[in-house]
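Open the model in your viewer and keep the selection tool at hand. This tour goes stop by stop, saying what to select and what is there.

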Amino acid sequence: MDILTLKRVHGTARQSSRGCKSETHLGTAQAAHVESTSDDGGSIAGERGRTVSGLIAFQVQTAAGVQIYTVRPNGNCLQQITYLSGDAVAQLGRQTDARSSLSTTRPVLAVTLRS
Amino acid sequence: MNADGSGSIEFPAPNVCEDDPTFTPDGIRIIFHRFDPVANDEAFWSMDLNGNDRRRIGPCCADPTVSPDGKKLSFVGFNGDPTGAALFTSSVDGTNVFQVTPFSFDIAAKQDWAPDGQHLVFSIDGDVPIPGVSTNIVTIRPDGTQLRFVTNYHGGDVNAFVGSYSPDGHWINFRLNDHGLFGLYKIHPDGTHLKAILPLSDFRPRFIAWGPRPSHADEEDDEKE
């Protein structure tokens with residue numbers, strides 16, 4: 001899928017939704033969806049003794065190659081985080097909260113992510 | 001690199017394929033799949049976060065995933081048949097290999113441990129598409145018992161490919177393929193509360209992982225989702 005299609009699907013408005021640290025491609029259709037799902041995570045997030053859920057990361061084939069995106073579990077704050085000329089083939093580890101890892105296919109490399 | 005995509009560090013390995021990275025639970029090492037075409041050597045390896053101190057683990061195949069207690073690996077192995085892919089576990093050093101499912105399950109490469117380590121989740125009939133057969137999400141105990149279908153799609157036009165458990169263990173996220181469209185969804189491990197995160201479109205998420213909330217998250221991040 002190319003970037004043009006992405007914009008068509010998720011809207012072209014770059015809005016700073018409440019709680020997002022950066023601009024997103026969140027569109028109106030998805031914003032409406034967020035309202036329908038925003039009621040289900042509160043009790044889970046506040047549960048004692050459990051790791052609180054954060055971002056969901058995934059890879060998507062774009063016109064520029066495979067890139068990595070993140071999104072909140074409620075569908076908010078969809079964000080593309082890699083803009084590589086090769087493919088960024090990712091698996092972000094859920095065990096660590098400050099680092100992530102990915103591999104690319106240019107030719108094939110491993111990369112650590114540090115925040 | 002940083003969570004916003006900046007500051008990437010490259011681990012160069014010319015002419016060698018290194019992929020499927022996953023962190024150990026303590027966050028100090030990365031376990032990955034490595035194929036050296038010159039030596040025709042394929043195995044899982046580990047390294048520190050700078051790419052040094054590389055150690056060969058042993059079992060090959062696909063998608064090594066460390067158990068939450070750091071003692072075991074789960075991974076996908078193949079028997080050479082086009083639809084022969086099974087779920088395996090081993091000790092984290094590559095010993096004590098155990099076949100959790102039969103090869104006939106033909107599971108997709110992506111699979112995950114529940115945060116409490118009591119179950120594994122995978123996608124059955126997910127490796128090679130078979131006309132008329134849907135891919136579904138299944139959980140199983142690491143000893144191969146208590147197989148449970150989380151989704152129950154039939155006919156082949158709708159398929160569910162698992163990504164991972166949520167860090168709190170209450171959700172499983174996955175990609176739903178529905179008549180040529182794709183969506184990012186979540187569902188409880190008991191098969192209830194199916195919800196769309198990104199609704200159906202031609203935007204196709206793959207290799208989905210769900211991270212914990214960073215301890216340094218600001219106040220706005222602590223809002224209830």
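**Stop 1: a loop in chain A**

Select A:N74. It sits in the loop between β2 (65–71) and β3 (79–80) of chain A. Strands here are DSSP runs of E at least two residues long, helices are runs of H or I of at least four, and both are numbered from the N terminus. Is A:N74 buried or exposed? A:N74 is buried, because 22 other C-beta atoms lie within 10 Å. The cut-offs are these: buried means 20 or more other C-beta atoms within 10 Å of the residue's own, exposed means 12 or fewer, and partly exposed is in between, with C-beta atoms placed from the backbone.

**Before you go on**

This is a predicted model, in which local features need pLDDT of at least 70, side-chain atom pairs count only at pLDDT 80 or more, and totals for chains, interfaces and linings use all residues. Residues are numbered from 1 along each chain as its sequence is written, while chains are lettered from A and ligands numbered from 1 in the order in which they are written.

The model scores ipTM 0.83 and pTM 0.75. Colour chain B by pLDDT, the predictor's confidence in each residue, from 0 to 100. Chain B averages 89, and 89% of its residues score at least 70. Then select residues 218–225 of chain B, where pLDDT is below 50. Beyond near neighbours in sequence, this stretch has 15 contacts in the model. A contact means two C-beta atoms, placed from the backbone, within 7 Å.

**Stop 2: chain B as a whole**

Show chain B as a cartoon. Expect 18 strands and zero helices. Of its 225 residues, 43% are buried. Take the contacts between residues at least 6 apart in sequence: 33% of them join residues at least 24 apart.

**Stop 3: the sheet β6-β7-β8-β9**

Select these four strands of chain B. They form an open sheet in that order, with antiparallel pairing. Two strands pair if DSSP finds at least two bridges between them. The edges are β6 (62–66) and β9 (98–99), each pairing on one side only.

Start with β6(B) and β7(B). Three bridges join them, and B:A62 stands opposite B:V76. They form a hairpin with five residues between them, and B:G70 in the turn has a positive phi of about 75°.

Move on to β7 (residues 72–78) and β8 (residues 85–91) of chain B. Seven bridges join this antiparallel pair. B:L73 is partnered by B:S90, and B:G77 by B:A86. This hairpin has six residues between its strands, with B:G80 in the turn at a positive phi of about 95°. How many residues of β7(B) are buried? Five of the seven are, so β7(B) is largely enclosed by the rest of the structure.

**Stop 4: two residues of β6(B)**

Select B:T65, in strand β6 of chain B. B:T65 is buried, with 22 other C-beta atoms within 10 Å. Leaving out residues up to four places away in sequence, its contacts include B:T22, B:L73, B:F75 and B:W113. B:P21 is 44 residues away in sequence but 8.6 Å away in space, C-alpha to C-alpha.

Next, B:D63, also in strand β6 of chain B. Most residues other than glycine have a negative phi. B:D63 is not a glycine, yet its phi is positive, about 55°. B:D63 counts as buried because it has 23 C-beta neighbours inside 10 Å.

Now jump to B:N40, in the loop between β3 (29–36) and β4 (41–48) of chain B. B:N40 also has a positive phi, about 50°, without being a glycine. With 7 C-beta neighbours inside 10 Å, B:N40 counts as exposed.

**Stop 5: the sheet β10-β11-β12-β13**

Select these strands of chain B. The four form an open, antiparallel sheet in that order. Its edges are β10 (112–113) and β13 (148–149). Two bridges join β12 (residues 136–140) to β13(B). In one bridge, B:T139 is partnered by B:R148.

**Last stop: the nonpolar core**

Nonpolar side chains tend to be buried together in soluble globular proteins. A nonpolar core here is a set of buried Ala, Val, Leu, Ile, Met, Phe, Trp, Tyr and Cys residues joined through C-beta atoms within 7 Å. The largest has 58 residues. Select A:I56, A:V71, B:I107, B:F122, B:I137, B:I172 and B:F174, which touch the most other members. Finish on B:F174. Not counting residues up to four places away in sequence, B:F174 touches B:I137, B:A160, B:F161, B:V162, B:G163, B:Y185 and B:I208.
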